[in-house]
Amino acid sequence: MSTDPRLENILSDIRDVPDFPKPGILFKDITPVLGNPKRFNEALSLMEERVTAHQPTKIAGIDARGFIFGAALADRLDIGFIPVRKKGKLPWETIGKAYTLEYGEAEIEVHQDAAKEGDRVVLVDDLLATGGTAGAACALLQSTGAEVPLISFFIELSFLDGRSKLPQGIPVDALIQY
Ligand code: AMP
């Protein structure tokens, strides 16, 4: 891990919550980072530096914590934001993609006019675990004709090897890796 003091401070503000939302899961609680304006600002600046290099025309964030980072980054870069939502939440015409969870299935959706050919959509989420959600979101965005030049996470649980579920050939970035 880098010795950037900003990263060290962010790391110290991520709270481990054992057995949430179910036994055996060590939940990475980012609310102390969000609640500390200096920390949240530094986290966004570090992500912004990495995202800008890929010259996005839009940022897509995954429901729900991906909205926090994604929308803030879109505002900083002065580009549009695309919410990737859980099934049934978007009001207009949608395209959807089902994916497998540890137990059962889930589906995410975007509006069919959210992106188009020629767009460069950076996909943002708070955390990469098994990769199922981000993999489906990426495929969904690509199905609009847009290019996904980067998938950007605040945290990656690298021991779960979520990267193997993401489309090969697309750069994946995580500010913090466990
Ligand atoms: P996955 O599809 O397995 O990569 O799960 C990713 C989503 O689940 C992310 O959007 C996270 O918000 C959430 N998530 C999964 N595992 C954790 C964890 N250990 N701590 C916090 N959030 C998690």
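Modeller: A residue is termed buried under 20% relative accessible area, exposed over 50% and partly exposed in between, with a 1.4 Å probe and protein chains only. The model is predicted, so local features need pLDDT of at least 70 and side-chain atom pairs count only at pLDDT 80 or more, while totals for chains, interfaces and linings use all residues. Residues are numbered from 1 along each chain as its sequence is written, and side-chain values use heavy atoms, with hydrogens and water left out.

Biologist: Is Pro-56 buried or exposed?

Modeller: Pro-56 lies in the loop between helix 3 and strand 3; helices (H or I, at least four residues) and strands (E, at least two) are DSSP runs, numbered from the N terminus. Its contacts, meaning heavy atoms within 4.5 Å, are Val-51, Leu-77, Ile-79, Arg-120 and Val-122, leaving aside neighbours within four places in sequence. With a relative accessible area of 13%, Pro-56 is therefore buried.

Biologist: How far apart in space are Pro-56 and Val-84, C-alpha to C-alpha?

Modeller: Pro-56 belongs to the loop between helix 3 and strand 3. Along the sequence, Pro-56 and Val-84 are separated by 28 residues, and their C-alpha atoms stand apart by 16 Å.

Biologist: At what angle do helix 3 and helix 4 pack?

Modeller: Two packed helices are described by the angle between their axes and the distance between the axes. The axes are lines fitted to C-alpha atoms over the stretch in contact, and angles run from 0 to 180 degrees between N-to-C directions. For helix 3 (residues 37-52) and helix 4 (residues 65-77), the axes are 10 Å apart and the angle is about 65 degrees.

Biologist: What is the relative orientation of helix 3 and helix 4?

Modeller: Angles under 35 degrees count as roughly parallel, over 145 as roughly antiparallel, 65 to 115 as roughly perpendicular and the rest as oblique. Helix 3 and helix 4 pack at about 65 degrees. The two helices are therefore roughly perpendicular.

Biologist: Is the crossing of helix 3 and helix 4 left-handed or right-handed?

Modeller: A crossing is left-handed if the near helix is turned anticlockwise from the far one by less than a right angle, and right-handed if clockwise. The helix 3 side of the contact includes Phe-40, Leu-44 and Met-47, and the helix 4 side includes Ile-68, Phe-69 and Leu-73. The crossing of helix 3 and helix 4 is right-handed.

Biologist: What is the relative orientation of helix 1 and helix 3?

Modeller: Helix 1 (residues 5-12) packs with helix 3 at about 125 degrees, the axes being 10 Å apart. The orientation of helix 1 and helix 3 is therefore oblique.

Biologist: How many charged residues does the contact of helix 1 with helix 3 have?

Modeller: The crossing of these two helices is left-handed. Helix 1 contributes Arg-6, Leu-7, Asn-9 and Ile-10, and helix 3 contributes Arg-39, Glu-42, Ala-43, Ser-45, Leu-46 and Glu-49. Ala, Val, Leu, Ile, Met, Phe, Trp, Tyr, Cys and Pro count as nonpolar, Asp, Glu, Lys and Arg as charged, and the others, Gly among them, as polar. By class, the contact has four nonpolar residues, two polar residues and, as charged residues, four.

Biologist: What is the relative accessible area of Asp-78?

Modeller: Asp-78 is placed in the loop between helix 4 and strand 4. Its phi is near 60 degrees, a positive value in a residue other than glycine. Asp-78 is exposed, with a relative accessible area of 69%.
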